[in-house]
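This report looks at charged side-chain pairs and at one helix. Please keep the sequence and the model open side by side.

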Amino acid sequence: MQPQIVVTARKDIRYMIDLTGIRVAAIFAHPDDEAFTIGGVLSAFSDRGATVTLICATRGEEGEIAHPSLATPENLGVVREDELRDAAAILGISDVRFLDFRDSGMYGTDANQNPAAFIRQSTEDVARRLAEILGEIRPDIIFTFSEEGGYLHPDHIHIPESVVALSQIAPELVPHLYFSSFPREFF
């Protein structure tokens, strides 16, 4: 049975759609991908009662370190995981999960060759890992990157390929799929 969407009037908000019972999954490659793409959308779903699960393929171990006091190459993944959990809490997301692949880095870097690198995993293997999680949470709506991955990061491209592979293998787990994209002018 599909959850009912109910529009209610509140004193502080003229009309608010009650999304209680709606389950949303946001599937991205690295910590912060959700925030700079659809963070506001995820927060709006959560504010309206939907249950939001954030699934992250990696911990962003190959990301940039803005200042040496913030992280080291050895602990960057742990720092970024903590930052993601804090950001998710601000967005109203309490369910954060990791696929436990390693950040692949940008094209042409040594990190691409690491056997645990996300881009070294087949889309079918990633789809199977996603199926385990999505089979448990049974989302009504899924968000991920569009095919260009926002700005052509290899992990950003691999995650929607894997989600689309899952939608072909197990369409019942991907009832409504939406892609996050940047305006052409961004490039």
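## Basis

This is a predicted model, in which local features need pLDDT of at least 70, side-chain atom pairs count only at pLDDT 80 or more, and totals for chains, interfaces and linings use all residues. Residues are numbered from 1 along each chain as its sequence is written, and side-chain values use heavy atoms, with hydrogens and water left out.

## Salt bridge count

Side chains of opposite charge can pair when their charged atoms come close. A salt bridge here is a side-chain nitrogen of Lys or Arg within 4 Å of a carboxyl oxygen of Asp or Glu. That rule gives nine salt bridges.

Aspartate 140 and arginine 23 form a salt bridge, 3.6 Å from N to O. The two residues are 117 residues apart and link distant parts of the chain. Aspartate 140 sits in the loop between α3 (123-137) and β6 (141-145), while arginine 23 belongs to strand β3 (residues 23-28). Helices (H or I, at least four residues) and strands (E, at least two) are DSSP runs, numbered from the N terminus.

Aspartate 140 is buried at 10% relative accessible area. Arginine 23 is partly exposed at 32%. Buried means under 20% relative accessible area, exposed over 50%, and partly exposed in between (1.4 Å probe, protein chains only).

## Pairs within helices

An α-helix has 3.6 residues a turn, so residues three or four places apart point the same way. In helix α2 (residues 76-91), arginine 85 and glutamate 81 are four residues apart, about one helical turn. Their side chains form a salt bridge at 3.0 Å, N to O. Arginine 85 is partly exposed at 35%; glutamate 81 is buried at 16%.

Helix α3 holds aspartate 125 and arginine 128, three residues apart, about one turn. Their salt bridge has its closest N and O atoms 2.2 Å apart. Aspartate 125 is partly exposed at 34%, and arginine 128 is partly exposed at 49%. Elsewhere, salt bridges with shared partners join Arg59, Glu81, Arg85 and Asp100 into one network.

## Helix α2

Helix α2 has 16 residues and spans 22 Å from first to last C-alpha, close to the expected 22 Å at 1.5 Å a residue. That expected span is 1.5 Å times one less than the number of residues. Just after α2, glycine 92 takes a positive phi of about 85°.

The buried residues of α2 include Leu76, Val79, Glu81 and Leu84. The buried set packs against α1 (33-47), β4 (51-58) and β5 (95-101), with contact meaning heavy atoms within 4.5 Å.
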